[in-house]
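Hi everyone, thanks for coming.

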Amino acid sequence: MERKIKKAAVLGAGVMGATIAAHLANAGISSIMLDIVPDKLTPEEEKKGLTLQHPEVRNRFALTGKQNLLRARPAALAVPDFASLIEVGNFADHMPRLAEVDWIIEVVVENLKIKQELLKKVAAARQPGSIVSTNTSGIPIKDICAGMSLEFKQHFLGTHFFNPPRYMKLLEIIPLPETLPEVVKFMAHFGERVLGKGIVYAKDTPNFIANRVGIFGMLYLMKTMVKEGYSIEEVDAITGPAMGRPKSASFGTTDLVGLDTFAHVAKNLYENATKDEMREVFRIPDFVQKMIEKNWLGNKTGQGFYKRITSEAGKEKLVLDYKTMDYRPAQKVKYPSLDAVQAAPGADKAKALIYAEDRAGQFAWKITSESLLYAARRIPEIADDICNIDNAMKWGFNWEAGPFEAWDALGVEHAVARMKQEGKSLPPLVKTLLAKKKKSFYQKKDGQLYFFDLKTGRYKRVTEKPEIILLPSLQERKKLVKSNAGASLIDMGDGVACLEFHTYMNAIAQEIIEMIHESLQIVEKDFGGMVIGNHAERFSVGANLLMLVGEIAKSNWAGIEAAIKSIQDAMMAMKYFEKPIVAAPHGMALGGGCEVCLSSHRIVAALETYMGQVEIGVGLLPGAGGNKEVYLRCIEGIPDGVTPDLLPFLRKAFETIALAKVSTSAEEARKLGFLRSADKVTANVDHLLYDAKQTVLAMVREGFRPLRPRLLPVAGDGGRAAIKYMANTMRQGGYITEYDEFIAGKLAYILTGGDVLSGALVTEQHMLDIEREAFLSLCGEKKTQDRISHLLKTNTPLRN
């Protein structure tokens, strides 16, 4: 019988347990979340007259964990409604309910004895064959289930999520020697396909893979900083985006995680990695220990390595001087290498910095070279191959490149030569690589990726998964059909093409419009359907405002109108195309990017899709049919022949656009009306193009027929008066500015069909024409021009 997880039990309702339950809910999986029974009443419970026997009291910790999910920022739940999938209970009363579930995950306090005692109760209550796992971050898996039956161990493993589970991609899977291979395989598939995780296989060693390598790097960095006399802000300037690391860099990230959590992992490594050749590095530096004693734990306590204050001068960011243990204003960091890195191509940024000869380059080399050597020594101790370590660091610490990918980027031979010159010893993996006359840890052949395997001394092919479609790999295999500076059409196979945008932040430029028209011509002749998707951080942030500003400066109103007409025509051509088009948005899908999705026949969106019509923020309105499409989605459930009151539908469309509502997830985009009931959500963004392609193929099999144009009922002058009154009320209440009210009047004019009577039927082209007229008139307004200029000056990643 095929194994499935329909319901789970989460044991522990702290931050991690509750957010794991939330992410299960995001995947449509119900759970029961249990925690301990309180031993005394709170003052609030006493006021209510409750006793220790009352269910509200006995379930308090689990109930509080669930309630906290609704206040969590960033949001743990894709939409608040999903909280209904989480039941609450306690260990004393509800353990028998474990027999109902398919997966039990333990997420209680990091205490071996407590975990062992809880698992004994689990063993007595669970159904044989159900999977049990622990989310421990460092206690040996074998110790947690010591003394359990063979059947229990066969279905037991470690499943280490990173916090917050919804957003962090990494899931480390740590099997026991006894764990059944089919259980490991199933949980890996479930974690990847259902929960959207990137899976790495770790061995049962202290803190597994990501924390072992990452915490070493952080502690070595701290000790190098103290020894060489660097400041905290200097280190963060060096170890942020310049090195392919997150913007929060080293100390900002540690503040985010919490010094207590950081110290707990380091302490566990020092106590348990007794044979580690770099064990002394895991001793917490004295200044960090003092911070912990002072409760300077980072963001959770309001101060850590950084502290933000508000004074008469405004908000100020202070940084810790670890020598005096006082806070002082953060200083601007200037090094020639950091300036040079800005001009370097993406893949060469870190290389340019690490090999620079100034003080920043020297620090970057010292910490990088030791981290690379440390990671190489961990093969095969913590993982069998370099791919698991590289993926763990990319998915768990948000590095752009893992250690071995970074080594290749630096040039293995060049890096090794410098290491030898400095007297560093090489790990067996590196020695074997060089002895085999190989120059890199990875290599590509005919679009296939291979990695160097220590055990065999040869390159092994990285396992390809059909669910992961890589557009660059397809291009390497000569699958490029057509391309220009803004977009490319690529053959995905099976009669499906993919239109990929590749402008800066995928802003909709003229080259993209041209490629849309060309792609439709090609697909009409040679393909069964088309996906619109890409691998960029953002699907599309909308129109290119910089180009618009240039045209406004030249008063090229005819050119602007022609450009808007061109993109409107492209969207209408997509909408009424005779073959299926599926948009695959992820990240930001704003303005014109949202309109591309709304003009497609179907949407398959990544869970983390932030979609909205945001043009009003820069004094504009949607110009590519977005007003029409948002309104159409609001009224499309009205049956033919029915004449309803259009005002409620009109109000929803107006609020969505006028308030520039942006979804915080694909599921919220559905609630806002951007996604229809037939549109799909994919948990794993790596599977997005595959799922979109499969949707195209399914639509073809089902006999897709192009849409037929329809007349739209509009509220006319009567509805417009009501909407303008609503906008005036919002201004009077201080919710919008006078100029926002002015723009809202133009939006009301579009959504109500212009100068027509209430209940009139208008064509889509009519709505597009008045939309274009309104857009053009706003371009000529000084306040709109000022808003656009301000946006571009502040470098906000919004282009529409």
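A word on confidence before we go on. This is a predicted model. The average pLDDT of the protein chain is 95, and 99% of the residues score at least 70. Please mark residues 796–800, though, where the pLDDT is below 50. That stretch still has 28 contacts in the model beyond near neighbours in sequence. As a rule, where pLDDT is low, the predicted coordinates should not be read in detail.

Now to the inside of the protein. The largest nonpolar core has 114 residues, and those touching the most other members are V122, F251, F305, F404, W407 and F441. Helix α16, residues 359–377, gives the most to this core, with 10 residues. Apart from this core lies another one, of 82 residues, and V523, M530, L712 and M767 are among them.

Let's zoom in on W407. Setting aside residues up to four places away in sequence, W407 touches L372, L373 and A376, then V412, A415, V416 and M419, and finally V430 and F441.

Next, a helix. Which residues of α4 are buried? They are R60, A62, G65 and L69. The helix itself covers residues 60–71, so to speak 12 residues, and reaches 17 Å from its first C-alpha to its last, close to the expected 16 Å. Among the elements covering its buried residues are α1 (15–26), β2 (30–35), α2 (43–47), α3 (55–58) and β3 (86–90).

Helix α1 is also the place of N26. With 9% relative accessibility, N26 counts as buried. Beyond its neighbours within four places in sequence, N26 is in contact with A76, L77, A78, F82, R166 and L607.

T205 is found in the loop between β8 (198–201) and α9 (210–228). T205 counts as buried, at 14% relative accessibility. Its contacts, leaving aside neighbours within four places in sequence, are R212, E381 and I382.

And then S758: which loop does S758 lie in? The answer is the loop between α31 (738–751) and β25 (761–762). S758 is partly exposed, with a relative accessible area of 46%. Not counting residues up to four places away in sequence, S758 touches V714, A715, G716, D717, G718 and G719. Look at what its side chain does there: the side chain of S758 reaches the backbone oxygen of A715 at 2.8 Å, and the backbone nitrogen of G718 at 3.4 Å. One more pair to find on your screens is S758 and L646, which are 112 residues apart along the chain, with their C-alpha atoms separated by 9.1 Å.

Terms used
Residues numbered from 1 in each chain as written. Predicted model: local features only at pLDDT ≥ 70, side-chain atom pairs only at ≥ 80, totals over all residues. Heavy atoms only, no water. Helix = DSSP H or I, 4+ residues; strand = E, 2+ residues; numbered from the N terminus. Expected span 1.5 Å × (residues − 1). Buried < 20%, exposed > 50% of the residue type's maximum accessible area, 1.4 Å probe, protein only. Contact = heavy atoms within 4.5 Å. pLDDT = per-residue confidence, 0-100. Core = buried A, V, L, I, M, F, W, Y, C linked by side-chain atoms within 4.5 Å. Polar contact = N/O pair within 3.5 Å; in protein donor to acceptor, adjacent residues only side chain to side chain.
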